Amino acid sequence: MAAIAGSVVSFARPVKAVNVSPVPFAGLRKDNVAFRLHPVSQKFAVLCAAKKETVDKVCDIVRKQLVLPEGTEVSGASKFTDLGADSLDTVEIVMGLEEAFKITVEESSAQSIGTVEDAAELIDKLVEAK
Amino acid sequence: MHHRLLLRRRGAMPLPSPPQPAPRTPGVAGGRLFASLPSPPPLQSRREVHVWYLCPDELNDHSQLDMYKELLSPSERKNALAMNGPRLQKDAMLSRALLRTTLSRYTDAKIDPRSFEFKKNKFGKPEILWQSDGSSMEWPLHFNISHTSSLIACGIAMDTLIGIDVEEKKRKTVKNILSLARRYFTPSEVDYLAKISDSDAQQKEFIKLWTLKEAYVKALGRGFSGAPFNRFSNQLETNNRIQISKAAKVCNDSDSGCDYLSENWRFALAGLNSSYYMAVCIEDNSRGSENGSVPLGLKVWKTIPFIEDTLVSGTDAVKLIT
């Protein structure tokens with residue numbers, strides 16, 4: 001997460017900034033920002049887009065599904081494929097998430113989930129939309 | 001067919017006999033190594049599929065593994081290292097080494113395994129990237145890879161889309177079979193599974209259906225959402241043919257998502273080494289009265305690249321189910 005020197009940036013809803021152009025965001029006072037935002041190719045989260053409890057719960061479900069050894073690091077950035085999940089694991093994880101959060105995940109949304117964070121964001125969105 | 005003999009014939013001098021069985025390290029290095037990938041019998045037609053597989057647990061010799069590592073591109077090596085833990089890293093590395101060596105076999109030994117470049121289609125399906133500057137020849141090779149924790153398989157076809165999926169017969173799902181089927185399969189497939197009272201048998205049939213559906217989706221190359229599992233049925237028919245058909249009432253003609261669920265697909269399902277089910281799917285645009293009656297030709301080799309290749313199809317190791 002990028003550190004913004006000397007200020008807290010708040011938005012109406014959590015957003016993830018990607019390829020930001022050098023134009024201040026609406027609601028941001030120029031003198032609060034210590035630097036100009038330049039277009040960069042890496043993603044950075046201005047605020048965590050997914051709730052921590054959601055990320056933790058996803059990590060828990062993933063651990064159980066993949067039977068990961070104790071001490072294996074699973075965090076928001078963890079990619080499912082890097083953890084050794086194959087397609088059957090993935091559908092089971094998605095089903096586990098649907099049951100835990102009482103949501104339905106469309107195949108097209110499920111396909112774009114690469115990391116734990118992606119899953120958590122999608123869940124928060126679906127839960128909010130209920 | 002054991003190609004290990006090919007290595008022994010090189011050189012006039014017989015090797016001194018080692019005090020114990022020699023470890024399987026190659027006696028050659030670099031470019032000469034590449035030449036020791038014997039050309040397999042060619043793919044006879046678009047209806048023929050060749051599968052090459054290796055078992056990571058059997059490959060523990062460090063110099064062998066280093067040799068395989070050398071074949072990878074820098075980004076492949078980086079991706080392999082990003083995997084969680086040494087075992088997954090080794091599997092990822094071997095998967096790329098298997099792919100590169102397998103492809104090389106089908107180029108009349110003209111392309112070094114290290115030379116291949118790859119790209120992804122817009123859905124993320126990997127394909128060979130041939131140099132467009134006319135400097136290298138091209139072969140109409142299509143491939144697909146499947147992993148289980150104990151076996152990695154690479155399927156090759158000529159001029160046609162291919163998908164392959166291998167799964168351990170005894171793979172236990174965390175979720176209940178019927179709930180998985182209800183969530184992801186078609187109603188007719190759920191009915192089929194629900195009728196099986198023995199839970200082991202039911203689990204095996206689930207895995208068979210799963211590998212068939214996976215193989216199809218991977219052949220299609222449009223990702224899981226491009227052909228949602230519950231929109232098409234794979235029926236294991238009593239005359240041993242696999243029919244793929246659109247799930248009734250799920251697809252209407254205006255639904256563009258179903259455009260690709262055409263019925264020009266041919267399947268083969270086999271038991272492998274009594275521990276796995278392997279499903280292969282290729283696109284088959286040949287129409288006519290013989291559509292479906294000519295089976296897909298399947299040849300399977302177990303390989304330790306550069307060391308030993310063993311043809312296993314035609315033996316008990318490969319039992320065709322369809």
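Strands E9 (residues 265-272) and E10 (residues 276-283) of chain B pair in the antiparallel sense over 8 bridges; strands pair if DSSP finds at least two bridges between them. Helices (H or I, at least four residues) and strands (E, at least two) are DSSP runs, numbered from the N terminus. The model is predicted: local features need pLDDT of at least 70, side-chain atom pairs count only at pLDDT 80 or more, and totals for chains, interfaces and linings use all residues. Residues are numbered from 1 along each chain as its sequence is written, and chains are lettered from A in the order in which they are written.

**The sheet**
- Gly271(B) stands opposite Tyr277(B) in E10(B).
- An open sheet of 4 strands runs in the order E6-E10-E9-E13 (chain B), with antiparallel pairing.
- E6 (162-168) and E13 (318-320) of chain B stand at the edges with a single partner strand each, so one side of each has no neighbour in the sheet.
- Neighbouring strands are turned by 25° against each other on average, direction ignored.

**Helix on sheet**
- H8(B) packs on the sheet and touches E6, E9 and E10 of chain B (contact: heavy atoms within 4.5 Å).
- The direction of H8(B) makes about 155° with that of E6(B).

**Helix on helix**
- The axes of H7 (residues 187-194) and H8 (residues 199-220) of chain B come within 9 Å and cross at roughly 155° (axes are lines fitted to C-alpha atoms, for helices over the stretch in contact; angles run from 0 to 180 degrees between N-to-C directions).
- H7(B) is therefore roughly antiparallel to H8(B) (angles over 145 degrees).
- H7(B) contributes Glu189(B), Tyr192(B), Leu193(B) and Ala194(B) to the contact.
- H8(B) contributes Gln202(B), Glu205(B), Phe206(B), Leu209(B) and Lys213(B).

How values were computed:
Side-chain values use heavy atoms; hydrogens and water are left out. Angles under 35 degrees count as roughly parallel, over 145 as roughly antiparallel, 65 to 115 as roughly perpendicular and the rest as oblique.
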